[in-house]
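Dear colleague,

I am handing over the structure below, and I would be grateful if you could look through it alongside the notes that follow.

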Amino acid sequence: MTRRWSLIALIAALAVALAFVVVQIVTGEKPEEKKAAEEKTSASGSGGDEAKDLEGDGWWPLHQSGTGRAEGPDAVTKGGTKWADGPNGGALQLNGTDGSAEISSPVLDTAKKDYSVAARVRLTAENMNGFRTAVSVDGEKASTFYLQYSGADKRFAFSFIGARTLDQKTGEPEKDRWYHLVGTYSQDEKQMKIYVDGELAGTRKATNPVEPTGGLAIGRGKNGGKPADHWKGDISDVHVYQRELTQDEVSSLSASEPG
């Protein structure tokens, strides 16, 4: 009896194996091809997640409108601004004296959490002196940070009140040329970083005494309780993140916008 059941089990196993072979022949798919297809699908899904992550906690393309993406509120333009051509379909052109785009509601906690900010920028050839701020967050009397150009240093910079992280790689920016800027801050490490065109360009240890009290400002900073350091040129594709971006993420964002 035992030998009979063993024979039946063997026949059943052979039948299953034969059925599997028949299925492979009919579908024309080899096991290794199926595995490769599954890995490709998995990689494709991961890429979609990465693109979604790079949209950030707020995204303002500034392609002919201030409409916010990634659930960000809309930006309202003020003063001397107009829509212009940009590297990805459009940009906001600012006059350097009173032009800006502003998001009144808070979008970043710069006091207690890590954060990053990104923008594509172009400076005009006229009046390259002083500070020109592309993106900032308002505090009561000053900005909590400034992603900017420093005319005194002739460098891009990511700055706090009393601390400036300069771009040590690019040198003096070329006029009328587009650049991609990213500033990041780690609360635990007290580390500021600035990236230019996808590459780490400067770091500095610093703490920030300014508490955020307002929203995001595009094209200006704040100093002495008043708008200051207006950008003269063009800005597009502004992102904010409530985390510190990695080098790989910065490189990917610099290479192309998500979506």
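Leaving aside its neighbours within four places in sequence, which residues is Thr144 in contact with? Please bear in mind, before the answer, that this is a predicted model. The residues in contact with Thr144, once those sequence neighbours are set aside, are Thr110, Val137, Asp138, Gly139, Phe160, Asn208, Val210, Glu211 and Pro212. Thr144 itself lies in strand β8, and its relative accessible area is 0%, so it counts as buried, the cut-off being under 20%. With one of those partners, Thr110, there is also a polar contact, made between the two side chains at 3.4 Å.

For the chain as a whole, the model has three helices and 17 strands. Of the 259 residues in the chain, 44% are buried, and among contacts with a separation of 6 or more, 65% are between residues 24 or more positions apart. The chain exposes about 13,200 Å², of which carbon and sulfur atoms supply 51%.

Most residues other than glycine have a negative phi. Lys154, however, which is placed in the loop between β8 and β9, has a positive phi, near 55°, and Asp176, in the loop between β10 and β11 (178–186), has a positive phi of about 60° although it is not a glycine. Lys154 has a relative accessible area of 35%, and because that value falls between 20% and 50%, this residue counts as partly exposed. Asp176, at 48% relative accessibility, is likewise classed as partly exposed.

Two further residues sit in strands and are buried. Tyr241 is found in strand β17 (residues 232–241) and counts as buried at 1% relative accessibility. Not counting residues up to four places away in sequence, Tyr241 touches Asp53, Leu54, Glu55, Gly56, Asp57, Leu108, Asp114, Tyr115, Ser116 and Leu253. A polar atom of the Tyr241 side chain lies 2.6 Å from the backbone oxygen of Leu54. The C-alpha atom of Tyr241 is separated by 9.1 Å from that of Thr184, a residue 57 positions away along the chain.

The other residue, His180, is found in strand β11 and, at 1% relative accessibility, is buried as well. With residues up to four places away in sequence again not counted, His180 touches Ala118, Ala119, Arg120, Tyr195, Val196, Asp197, Leu253 and Ser254.

With kind regards

Terms used
Residues are numbered from 1 along each chain as its sequence is written. This is a predicted model: local features need pLDDT of at least 70, side-chain atom pairs count only at pLDDT 80 or more; totals for chains, interfaces and linings use all residues. Side-chain values use heavy atoms; hydrogens and water are left out. Helices (H or I, at least four residues) and strands (E, at least two) are DSSP runs, numbered from the N terminus. Buried means under 20% relative accessible area, exposed over 50%, partly exposed in between (1.4 Å probe, protein chains only). A polar contact is a pair of N or O atoms within 3.5 Å; within protein, one must be able to donate a hydrogen and the other to accept it, and residues adjacent in sequence count only if both atoms are side-chain atoms. Contact means heavy atoms within 4.5 Å. Accessible areas come from the Shrake-Rupley method with a 1.4 Å probe; for residues, only the protein chains shown count as cover.
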